[in-house]
Every structure is written in C-alpha cells, then in structure tokens.
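Colleague: Hi! I'm new to this one, could you walk me through it?
Modeller: Happy to, let's have it on screen.

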Amino acid sequence: MSNSTTSAVNGNDSTKFTEERSRCGPSCVLHICKIPFEVSEAEVLSLGLPFGKVTNLLMLKKKNQAFIEMASEEAAVTMLNYYTAATPHLRNQPVFIQYSNHRELKTDNLPNQGRTHAALHAANTVHSGNMTLTRPAPASSGTMMPGQSPVLRIIVENLFYPVSLEVLHQIFSKFGTVLKIITFTKNNQFQALLQYSDPVNAHHAKLTLDGQNIYNACCTLHVEYSKLSSLNVKYNNDKSRDFTRLDLPSGDGQPALEHAMATAFGTPGIIPSPYTGAAGFAPTIGFPHTAGLSLQMVPGALEPLTIPTSAMAGRMAIQGMPPAAMNAVLLVSNLNPSSISPHGLFILFGVYGDVHRVKIMFNKKDNALIQMADATQAQLAMSHLNGQRLHGKVMRVTISKHQAVQLPREGQEDHGLTKDYSGSPLHRFKKPGSKNFQNIFPPSATLHLSNIPPSVTDDVLQNLFAGCGYSVRAFKFFLKDRKMALIQLGSVEEAIQALIDLHNHDLGENHHLRVSFSKSTI
C-alpha cells in the first residue's frame, strides 16, 4: 500500500487524499467518500455485495472515507455505473463513489482490521449462497439490526389506479438506494418485495410510508419487513427489476431492459435512476419515455407523488400537463393493415377508456388515430398498450398532435376507415365512479369473463374460445359468483385478440359476454 494510504489510516492530516475519477481508470478498488462516522463495516459492504464478492475493505472513519475492493474489475465497473446514476445512501445520507488509483488493497499489517475481516467473512458467507432467496443472518453477526432486513414486503390496498414497478421505485428511492424489486399478485392483492442496499434505509422507508396513500384516498401502502435478506431477480421486465444487472433477459418476449435504457439514455452500460431528472424521464408516475402525468407538490411523505383525484368523475385529475399531453387523441402505428379494423381498435382501447372515434389512415393503413373521452384515459391506454403485440406486430402508441379525429365530409369516400363510437352502449366508463375504474389492468394471458348466464357451463365457454382458434390452458368459475370466470390462454397476444373477438359475444338469455384483462392467474 502507498504511503498516502498508510498516513490516512494513521490520521495524518498532512497527507490529503485527492482522487479524481477523471484521472483514474477502472480498478477493482473503489473509493467511497462522505461516509457518516457511525456507519459500520457491514453497512459499507452492503453497497458492494449486490454486484459480486467483496475481497477487501478499508475504513477511514476519521476521514469519512472507505475503500472497497471487488473480486473483479467488471464487478467494480458495474457497481460504479449503477451508483453514478443512482446516488447511494448510508444512514439516510448520500455518499459518493469513484475509482481508486490503487489497484488493490493491502491491509494485512494495518491495525484494527480484525473487525473488518470478520464483517467481510460474514457478509460473503451470506452472499455466496446460490439460493433464489437468502435468509437473514442472525442478529448477533452484526450484519443487520435485530428483526430488520434490507428487504421490505409491500402490499397496496384499495388499488383504484394501476401501480407499476416504476411508481414503487420512485417512491422508495427517496429513502435510499433501491437495488431490486419483484412485483406479484397474492390473495388478489398487488404486492412487491423491494431490496435496499442498506437495512437502515428500509427502516426509514417503513416508518415513513406505512399507511400512506400513493394517490389521494386510494392505493394505500402497507409496509413490513420481509423475512428475506436478499432477492434474486431472474428477469428485467415490468414485473421484476434488478437495477444492478443490465445483462438479465427480459423473459416473456418483453424488450430487454438494457436495450430500452440504451434507447432512452444513449448510454450503454448505465441504468439511471428513472426519477432523478435524467434525460428521457419527466417527473411522471408510471409512464417513462412519454409525456406523463404532472405531479402536484402537496405536504406529506409522498409529496411529489400524491395526485389529486376527481371524486365526481372517479378518475385522475390532470393538472399542469404540457399541451401535447392534454390531447385525448392517440396515434397508433405499426399495425397490421390486413387484419386491423376500427371495431377491433374500439374494443381493445375501450378496456382503458371510452373510445369516441377511430380513424385508420387511408394512405397509410398501418397507422390509426383513436380519440378517447379525455386525456387521462388516453394516458392509461397508451401506458398499457404501447409495445403490445397485435396481429403479429408490436403496436406503438403515442399522444397525437391532433386535438380531435375528424369525421369524413358528407359524400367523401372513406371505405369504412373512420367510425364514430361516441354514443356506443359498449362504453365501460360512462357512469361516474363505475367499478370498472377499479379493474383496469395491463394485458395478460388470463382474461376475466363476466355476465355469464346460469345455463352456460365451463365446457361451453372453453369450446367458444377453442372454436375461435385460441389455446385454452386453464379455466375456473368464481366460487361465490358463477356469473364470472377466469380463462387462461396460451399468450398475452392471444388474449388480446380473444378479447377483441369475444367481448360482447351473445351467450343467449339476453346475456352478452363481458371480457377484460385479469390481474390474477389460475
């Protein structure tokens, strides 16, 4: 080790540590600055462990600094790339990380390293397990406080509006560095597991957020400690995310996170924290890469997150949105011209709002304009349907520059490409405060069926879907209400097409089948 390092360890202030990242190339050793004095070795190690094995640690408490040595340069590069965009926190204080000009740490002959070596051994023993989920170490090991874990279990009750993984990341990032999130539905409740880099951040987040509403009077957070100390995320997609790993596959045919981030930010190898003002992300909830809902600052723990709701209309009130985002007209592109129809688009987009008009472009039939009842519904439809596959092609949905869809003039030949649905009886949301507002979910392979007459059996419904060419994987009636059922098809794309084809299908006895996407699976 260099003399400067030894001097710093001995508290010799005459020797200054001046390590500028711009002059230091990649190294296995990272220099951490502005560490709170009371921080333990285990807490510093928690910054590096998600990225791989930590081979050495040097604490300089009098200087509020530390050096951490990763097992490989690749791990150090990944760690620095992540923390460059998402500032890490220890004891609720931001710390800063840069490459060291030391290629390795030699600490064998330094005093007071016994405690550091013990912390290293304990941390790497816990981290080296290959289990999907790792149980916490005993409290006596010193790696975390009694009864506390860096992993939180989150339940969202009164789910009036969809809550995405990005929304949770935005909320919980205010209390520290979020490393991983897994979302799932259990007991018909939207839940998530969220891992911080530091158990103290989890503690502060739980104390502050438990019982708070994401939106006014709905989407209530219930936060508790998980029995798990680490999460193993296998896929980066809209259900799970490992913010420390760009290389994970997306699974289920979803676009890879690395490609999406590179497209948005033009910086391969770096995952930015989406809600810290990086290019491409306005301060929006749940709608990255698009003009989103403008956030209103209100007092309270969720101050940039709480959005006022319109009690009369039962939907989000949009305030201060940019002019383009106020449009209720969507531009849908990359459609399949040989298969698409105004009616099909009306049924599909009608899952997320009341469609008033649909116009397929005469000279470019893979494009269509869809006018929703209001801008909020346009945003919901865009956020859920952009990137979904329809008739073998990936739809692109954006806000249009047009304020309204014009009907053809009298006598003008239109070939049936423009339709007015403003008076349609199939609108799902025309009744203020309708329960349909509480059942808006992303497209999924499982469909929710309702308005089923008593005489219709499961075989009749399964044969209906199978006869239309869809592969039925599972089916079940609701135990307490046989007017409703779930049917699981072979893919999300199949379910989208089945919804278009069979919503409002006549089942007899004056009953028309109602079809929507389900948040549950069979």
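**A first look around**

Modeller: Let's begin with an open sheet of 4 strands, ordered β2-β3-β1-β6 and paired antiparallel. Keep in mind that this is a predicted model.

Colleague: Which strands stand at the edges there?
Modeller: Those are β2 (54–60) and β6 (96–99). Each has a single partner strand, so one side of each has no neighbour in the sheet.

Colleague: And by how much are neighbouring strands turned against each other?
Modeller: On average by 20°, ignoring direction.

Colleague: What joins β1 to β3?
Modeller: There are 5 bridges between β1 (residues 29–33) and β3 (residues 65–70), and the two strands run antiparallel. As an example to look up, His 31 stands opposite Phe 67 in β3.

Colleague: Remind me, how do strands of a sheet pair in general?
Modeller: Through backbone hydrogen bonds, in either a parallel or an antiparallel way.

Colleague: Which helix lies across β1, β2, β3 and β6?
Modeller: That's α2, residues 41–48, and it runs at about 135° to β2.

Colleague: I'd like to look at Thr 116 next. Where is its place?
Modeller: Thr 116 sits in helix α4, which covers residues 114–127.

Colleague: Is Thr 116 buried or exposed?
Modeller: Thr 116 counts as buried, because its relative accessibility is 2%.

Colleague: What does Thr 116 touch, leaving out residues up to four places away in sequence?
Modeller: Thr 116 touches Glu 41 and Leu 57. Leu 57 is 59 residues from Thr 116 in sequence, yet the C-alpha atoms of the two are 6.8 Å apart in space.

Colleague: Changing topic: how many salt bridges does a search of the whole structure find?
Modeller: The search gives 7. One of them is formed by Glu 224 and Arg 153, with the closest N and O atoms 2.5 Å apart.

Colleague: Where do Glu 224 and Arg 153 lie?
Modeller: Glu 224 is in strand β12 (residues 218–225) and Arg 153 is in strand β8 (residues 151–157), so the pair ties together parts that are 71 residues apart in sequence. Glu 224 is partly exposed, at a relative accessible area of 34%. Arg 153 also counts as partly exposed, at 25% relative accessibility.

Colleague: How accessible are Arg 389 and Glu 493?
Modeller: Arg 389 has 38% relative accessibility and counts as partly exposed. Glu 493 is partly exposed too, with a relative accessible area of 27%.

Colleague: And what forms a salt bridge with Lys 106?
Modeller: Glu 104 does, with the closest N and O atoms 3.7 Å apart. Glu 104 is partly exposed, its relative accessible area being 42%.

Colleague: Back to α11 for a moment. At what angle do α8 and α11 pack?
Modeller: Helix α8 (residues 342–349) and α11 pack at about 110°, and their axes are 9 Å apart. The two helices are therefore roughly perpendicular.

Colleague: Which residues make that contact?
Modeller: From α8 they are Gly 344, Ile 347 and Leu 348, and from α11 they are Ile 496, Leu 499 and Ile 500.

Colleague: Now α9. How many of its residues are buried?
Modeller: Helix α9 (residues 375–385) is mostly covered, with 10 of its 11 residues buried. Among them are Ala 378, Leu 380, Met 382 and His 384.

Colleague: What goes on at the start of α9?
Modeller: There, a side-chain oxygen of Asp 374 comes to within 2.9 Å of the backbone nitrogen of Gln 377. Following α9 is Gly 387, which has a positive phi, near 95°.

Colleague: Last stop: β17. What does it pair with?
Modeller: Strand β17 (residues 329–333) is joined to β19 (residues 368–372) by 4 bridges, running antiparallel. Another 4 bridges join β17 to β22 (residues 396–399), again antiparallel.

Terms used
Residues numbered from 1 in each chain as written. Predicted model: local features only at pLDDT ≥ 70, side-chain atom pairs only at ≥ 80, totals over all residues. Heavy atoms only, no water. Pairing = 2+ DSSP bridges. Axes fitted to C-alpha atoms, helices over the stretch in contact; angles between N-to-C directions. Contact = heavy atoms within 4.5 Å. Salt bridge = Lys/Arg side-chain N within 4 Å of Asp/Glu carboxyl O. Buried < 20%, exposed > 50% of the residue type's maximum accessible area, 1.4 Å probe, protein only. Polar contact = N/O pair within 3.5 Å; in protein donor to acceptor, adjacent residues only side chain to side chain. Parallel < 35°, antiparallel > 145°, perpendicular 65-115°, else oblique.
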